[in-house]
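My notes follow in the order I took them.

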Amino acid sequence: MQPPNGLLKPSSKVAVLTGAGVSAESGIPTFRGNGGYWREHRFEDLATPEGFARDPKFVWTWYEERRRGISRARPNAGHVALAEMEKRVAAFTLITQNVDGLHDLAGSKNVIKLHGDIWTVRCLKCGRERIERSELNELPPYCACGGMLRPGVVWFGEILPEGAMERATAAVRAADVLIVAGTSAQVYPAAGLIPMARTVIEINPEATGFSDDVAYSLRGTSAEILPRLVP
Ligand code: OAD
């Protein structure tokens, strides 16, 4: 299916849901695709509070490797198109499951990070959260208060950042169009936003469980297709 010509207009209210696929063309692996993290690793070991409690050094070593890879990555044409789209339409909310910060780097402003941010760390003892961009030499790292630090991301079985889902739901319900790009749409509650939308444009090189039900299911990469949707 071709991108619908002129579907997005300067008067459009747009919400966007992104997943790991939008960063694939920046060289960051996805989770469930070919070469994806969950093809090689058990998510129970790396992305659950129980896994972290069992072996914090193992979990931190993986996060530190990802942080290093992400620090070398640059936004691609898909990220840039979304930042441009935000400037050109009447209302725009970008809801992302990604923790890599590439939407911020591309210039997107109204971003809801459902799964947190890999550049933040949180103390398990005092609860303080801060941005930490520098390389962490001692793993696991510790807070000045003596507590162990954990990555500021959401793991399986954890609740999302306060208010994030409420704001995302309101944006999707208020939007004329929801663009769903680069997500396998298998993880909830994020995937639950899709059936709430009036009109959905899905962008993915592969079919997902939602492809047959959405108005436009566009087969291709986000760096190819998103620039063509900017009004
Ligand atoms: P997945 O790895 O599950 O899905 C990535 C999707 O991107 C797949 O459907 C691919 O077909 C598609 N894709 C690959 N390359 C693409 C490209 N260049 N352009 C567009 N699409 C492309 O990643 P997510 O759906 O983001 O959560 O996964 C959701 C959550 O599961 C993640 O946030 C993470 C993970 O476990 C946590 O860690 C809590």
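I looked up L94 and found that its bridge partner in β3 is V111. Strand β2 (residues 91-96) pairs with β3 in the parallel sense over three bridges, where pairing requires that DSSP finds at least two bridges between two strands. I noted that the model is predicted, that local features need pLDDT of at least 70 and side-chain atom pairs pLDDT 80 or more, while totals for chains, interfaces and linings use all residues. Residues are numbered from 1 along each chain as its sequence is written, and side-chain values use heavy atoms, with hydrogens and water left out.

I then followed the sheet, which is open and has six strands in the order β3-β2-β1-β7-β8-β9 with parallel pairing; strands here are DSSP runs of E of at least two residues, and helices are runs of H or I of at least four, numbered from the N terminus. The edge strands, each pairing on one side only, are β3 (111-113) and β9 (216-218).

Next I looked at helix α5 (residues 77-88) and helix α8 (residues 222-229), which pack at an angle of about 20 degrees with axes 7 Å apart; axes are lines fitted to C-alpha atoms, for helices over the stretch in contact, and angles run from 0 to 180 degrees between N-to-C directions. That makes α5 roughly parallel to α8, a term for angles under 35 degrees. Their contact (heavy atoms within 4.5 Å) is made by A77, G78, A81, L82 and M85 of α5 and S222, A223, L226, P227 and L229 of α8.

Note on methods. Angles under 35 degrees count as roughly parallel, over 145 as roughly antiparallel, 65 to 115 as roughly perpendicular and the rest as oblique.
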